[in-house]
Amino acid sequence: MADIQRDETALKKGTAELLILAQLEARPSHGYEIAQQIEARSGGAVSFHVASLYPILYRLERRGLIAGRWVEKAGQRRRRYYTLTTNGRRVLADQRRSWRAFMEAIQAAAGVTHA
Amino acid sequence: MRDFRALVRQHLAPLALPRHREIKIVEELAAQLEDACDALVGRGLSDDEAWAELQRQMPQWATIRDDLLDAEPALVRLAQPAQDTRGAAFPSRIASAARALLATGLLRDLQSGLRLLVRARGYSATAILTLAVCLGANMAIFSVVYGVLLRPLPLPGADRIVALGDVYPTVTPDDILSNTAPSYLDRLEALTALDEQALFSFWFDAIAIDGIAQELRGMRATPSLFRLLGVQPALGRAFTDAEAEIGAGPRIILSHGLWQRLYGGDPAALGRDLRLGWTGERYTIVGVMPRDFRFFDLGSDGHADAGRDGIQFWIPLGFTAAHKSDGARTRYGYYHIGRIRPGAAIEEVQAQVNALNARSFERFPQFRWAEMGMYTAVTPLQHALTRRVRPTLYLLWGAAACVLLIGALNIANLSLARSSARARDLATRLALGASRLRLTRQLLLEAVVLSGTAALLAIGIGTAMLRVLASGGLATLPNAAAVRFDATVVAATLALAALIGLLIGMVPAAMLGRLGAQSVLATGGRFGTGGRTVRLFRRGLIVAQVAASVVLLIGAVLLLTSFRNLLSVDAGFDPSRVITATMFPPPSRYANPGDVVALSTRVLDAIRSLPDVEAVGTTSNIPLSGSTSPATVQAADRRAGPGDAPVLPSVVVITPGYFEAMGTPLISGRRFLGSDTEKSAPVTIIDERLAVRLWPGVDPIGKGLYRGGSVRYTVVGVVGEVRFESLAGRTDSAGTAYFPEAQAPATGRLRWIAVRTAGDPAMILPSVRSALRTIDPDLPLSDVQTMRERVSQSLVSERLATALSSLFGVVALLLSVVGIYGVLAHLVARRRREIGIRIALGSSPRGILRLVLGEGVVLVCAGLILGLAGAVALGRTLEDQVFGVRPTDPVILGLVAATTGVVALLACVSPARRAARVDPVTVLADG
């Protein structure tokens, strides 16, 4: 997996896809909310600069996994809210499954046991 | 109020996306930064502090920019309307978009590609070497094919020049370049589709250089030749039409080489006189041709040997009354070329010449052209020159391409095996978000780096191979001077390498396409090229390799067999200890045919008295000369009816002693004697083939035959059949009639002297030369070769083809063996677990051995069947290339298939044994 170590951004980006999809599972959010949620739910272990989320958001949107629309609420700035699509929901489930398998494999390989 | 848009703009370089899209992106990013800033204020920071903190936390904007571009559809990136960007020109936008696509990590990918290749040294070395050898062979063959067959002749508008020639299907079916002077004069009027025509013939002459008579190769040509070719002398001028008139002063144009040799390149040579030994006339030099001027190189296969040095001089060809007479209508020996008028097509020329011939057939029924099926071939000049070698060269090219195909299949297979080992790595990277495009690009880059390295090596290998070819008789090919490595050849090789690189890279990349992250990861541990398609594909590769090897090997064995047959053919002479040379008695000193006969007699007497000489004689045509001199003969006791095809044997004029010198066996009757003179009864000796043709089942001794006129020649002997054109001979040949020189002076002056010696024939040469010098010091002896050398030279192209195809066949087989071994070994490694379970469940090692071998046997057999089918299908194209063996010879097909099968199965043994030795405990414990 030497290539992976050399490709940290790819790692982060790949995880980010899953993380973003997961944040949108409950309710539509805009970019900054997503970044905050990730940081909060991971106990601050994983954090993204909001700007670096955008390429991923756009890509997910292009692949039809999320849909963005501009919303203007009274007294607030115009923001773009992203919603998980049906397709996105399915992919999220898939990715969760394979991540679980992957993590278990890593744990088994690395000798990490469940607490 | 802070301007967050300006902040974004300040950091994010323009994306060169459609304006509305770019505005949206900036707006969204700005809004998010503002949210972030607000959040910082919410945590108790002042407005300024929050602003500063935001600046401090700024991410890697360059990366974000790349990622943003990555996320946009490629089409949007490229196809935005022009007014959307800041005045950038469309091409530059494409360039910048392409650059964006390429530049993101291209260098890094290239580096990591190189690193991987270095790390996988065994794989890289195998792949690069295989590819380099295959590419190098292709490059060498291609440079020959391109130089000889494809590159246009170095003449302006060469593709519009055609050659004409009368073909007599029953006599000289191969000769498409023979013409007569009267038909040329007719065609000048009739062929309006040609805007220029020229007639020429080779002209050998002699000149004394440093006191030694040396032969020169020249051309006698109508002045129109230089106009037609569009080439002017570099110095001086071409001939005027008036200079070809009979009675005009003799003029000569020199080649650059001869001018250098005679005058050291002195321009003052123009206007000087040069005396040619043969005609004895003084020619005024009017021009010198350019250094690189080359025209009409027939190679050594043609009748007239233009030689490696090319033509050394040109003299004007004019027409005497005899040339124009109807009697000259069968006097062949001229080449006729024409330039097609703009707008006309070659078919038009053919139609016009056909119409002209139809009129001539009626005008001259005495030549019986219609009965003989005579027609005039109109052929593009380059095609006419290279016709004989064309099939062989294309065949070799095909073989080389086949080897390359096998090599490429091998490498594809190797890289597939390797990529299955990397499948998990790739799948993980994919799951972690590396873009498919990037991974594909990296795989392609690796392959291109590999094939590029191979291409560089291939240029070296190809150059070396071409050098070997050159020493192996390449120079006997027509146009051989045009064979060289040039930009086209190198470009073709590099393009081929790039194509193969892409193909090799596409295989794992295509697999990547189907590599779903979960499919690999979810299988827990067993991953790799488990896909059915991939397995099928790899097996297909093996089948294709075996099939291609079988085809190549069968071709090679057929050529080898054919070559052996040629060597053992009874050519009608005994080539050991015979030396031959030609002499041209010049008309200036030997004006009458009787003078030539007297010269022959003196020369033969002088040589006969030398020690070690067993027999000596002269002939007007030597075996394997490549040409024949057919003439009509008639049996005296059987008048041919109208409509009967005339019998046209080769007519050869010899002296007593010739058959003994050449070792041609006497079947019955007697040989020519010194007593067969012009005063005695006319006699002839015929070969077995002509005897059967004229008097089937009857003893021909004592019969009479006519040779055109009314003189009756009595057959006094029958000799064995001699191959004049080549060792392969012609099955439809009418045979040969021999006449004694004393009774029938040859039409030409060319004489071959054949000397049979007791010892080494080359040792006698100096004394032959000095004997000749005492008789006529101005008479050059040329084309000196032993008969063995003539035999060997007549087989040069066959030897070349045989050697190359054998080499290709063996390389193909080796590559296939490596391929089969590789695939099976990989298969076994991948199925270790399954094999372990089988053994644990009670399979015997023998059963496992059978399982793996069975897999190999099925693949090899499928390949063998396919290969045999291919060989049979291709057999027809080989039919004209082989001698004494059918391309579908069942013994050869069977032997090659059996050999390939055995060798291929041997490659399966080692992996199969490894499988049988699998220890179930270790394997299952690992699992």
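**Aromatic rings and charges in a predicted model**

Let me begin with one place in chain B, where the charged end of Arg707(B) sits over the ring of Phe739(B), at 4.8 Å from the ring's centre. Please keep in mind throughout that we are looking at a predicted model.

Chain B has 927 residues, and buried residues make up 53% of them. Its secondary structure comprises 31 helices and 21 strands. If we take the contacts in chain B between residues at least 6 apart in sequence, 80% of them join residues at least 24 apart. As for the surface, chain B exposes about 39700 Å², and carbon and sulfur atoms supply 60% of that area.

Now to the rings themselves. How many aromatic pairs does the structure hold over all chains? There are 24 aromatic pairs over all chains, and I will walk you through two of them.

In one of these pairs, the rings of Phe4(B) and Trp51(B) have their centres 5.4 Å apart and their planes at 75°, so the pair is edge-to-face, the angle being over 60 degrees. Phe4(B) belongs to helix α1 (residues 4-11) of chain B, whereas Trp51(B) belongs to helix α3 (residues 47-56) of chain B, so the pair ties together parts that are 47 residues apart in sequence. Are these two residues buried or exposed? Phe4(B) counts as buried, at 6% relative accessibility, and Trp51(B) is buried with a relative accessible area of 17%, the cut-off for buried being under 20%.

The other pair I would like to show is that of Tyr184(B) and Phe319(B), which is tilted, with 5.8 Å from centre to centre and 35° between the planes. Here Tyr184(B) lies in helix α9 (residues 181-190) of chain B, while Phe319(B) lies in the loop between β8 (313-316) and α12 (321-324) of chain B, so this pair ties together parts that are 135 residues apart in sequence. Tyr184(B) is buried, with a relative accessible area of 3%, and Phe319(B) is buried as well, with a relative accessible area of 15%.

Finally, I would draw your attention to a cluster in chain B, in which ring pairs link Phe200(B), Phe202(B), Phe295(B), Phe296(B) and Tyr335(B).

How values were computed. Residues numbered from 1 in each chain as written. Chains lettered and ligands numbered in written order. Predicted model: local features only at pLDDT ≥ 70, side-chain atom pairs only at ≥ 80, totals over all residues. Heavy atoms only, no water. Phe/Tyr/Trp six-rings, centres within 6.5 Å; stacked < 30°, edge-to-face > 60°. Helix = DSSP H or I, 4+ residues; strand = E, 2+ residues; numbered from the N terminus. Buried < 20%, exposed > 50% of the residue type's maximum accessible area, 1.4 Å probe, protein only. Lys NZ or Arg CZ within 6 Å of the ring centre and 35° of its normal. Contact = heavy atoms within 4.5 Å. Areas by Shrake-Rupley, 256 points an atom, 1.4 Å probe, with all protein chains shown as cover.
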